[in-house]
Amino acid sequence: YTILGDIFFRRGELPEARRLFEHCLTLSPSSFAGHWGLCQIDFQEGKTLDCRKRIDFLLGFEPPQLVPPADDWAQVHMLNARLWALETDWNKAMAEADRAVTLSPVVPDAQLLAADIRVQANQMDSALRLYQALIRQF
C-alpha cells in the first residue's frame with residue numbers, strides 16, 4: 001500500500017495517496033512509511049499542525065544511535081526544518097536541518113536546505129560557508 005501511495009503522491013493524486021497510506025496504518029499502525037506518506041501529504045496540503053503531530057510521532061521512534069547514512073530519518077528532519085522555518089523559529093529550523101546533514105552527509109538536498117534556512121534567518125556568512133562547502137563537493 002505504501003508503494004502505491006507513494007506513486008499516487010508523486011502523481012499529485014493526494015486523496016488516493018492518503019487513502020492508501022491510511023489503509024497501511026490500519027494494517028500496521030506503527031508503519032514508518034505510512035506515517036511518513038501522510039506527513040508529506042499534510043505538508044503539501046498546508047496542514048502544518050497535522051504534519052507537526054506526525055513528525056513528532058515519527059521522531060519518537062528515532063533510534064538514539066543512528067549511524068549515517070540514515071536517509072529516511074534525514075528526510076523527516078528536513079521536513080521538520082521546513083515546518084520550523086514556516087513558523088520562523090530559525091534556531092529549531094537550523095538545528096533540524098543540521099541534523100539532516102549529519103544523518104545524510106552526502107545528500108545535497110539536506111546541505112542546500114541548511115544553507116537556505118540560514119539565508120531566511122539572515123545568517124549570510126554561515127549560509128555562504130555552507131553553499132561553498134556544497135559546491136566543493138562537485
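Biologist: Why is Lys 92 called partly exposed?

Modeller: Its relative accessibility is 40%, and the term covers values between buried (under 20% relative accessible area) and exposed (over 50%), with a 1.4 Å probe and protein chains only; Lys 92 therefore counts as partly exposed. The model is predicted, so local features need pLDDT of at least 70 and side-chain atom pairs pLDDT 80 or more, while totals for chains, interfaces and linings use all residues. Residues are numbered from 1 along each chain as its sequence is written, and side-chain values use heavy atoms, without hydrogens and water.

Biologist: What makes Lys 92 and Asp 89 a salt bridge?

Modeller: Their side chains meet at 3.9 Å, N to O. A salt bridge requires a side-chain nitrogen of Lys or Arg within 4 Å of a carboxyl oxygen of Asp or Glu, so the pair qualifies. Asp 89, at 24% relative accessibility, is partly exposed.

Biologist: How do you know that Arg 18 and Asp 42 form a salt bridge?

Modeller: Their closest N and O atoms are 2.7 Å apart, and both residues are buried.

Biologist: Why are α5 and α6 called roughly antiparallel?

Modeller: The axes of helix α5 (residues 71-86) and helix α6 (residues 90-103) cross at roughly 165°. Angles over 145 degrees count as roughly antiparallel, so α5 and α6 receive that name. Axes are lines fitted to C-alpha atoms, for helices over the stretch in contact, and angles run from 0 to 180 degrees between N-to-C directions. Helices are DSSP runs (H or I) of at least four residues, numbered from the N terminus.

Notes: Helices (H or I, at least four residues) and strands (E, at least two) are DSSP runs, numbered from the N terminus. Angles under 35 degrees count as roughly parallel, over 145 as roughly antiparallel, 65 to 115 as roughly perpendicular and the rest as oblique.
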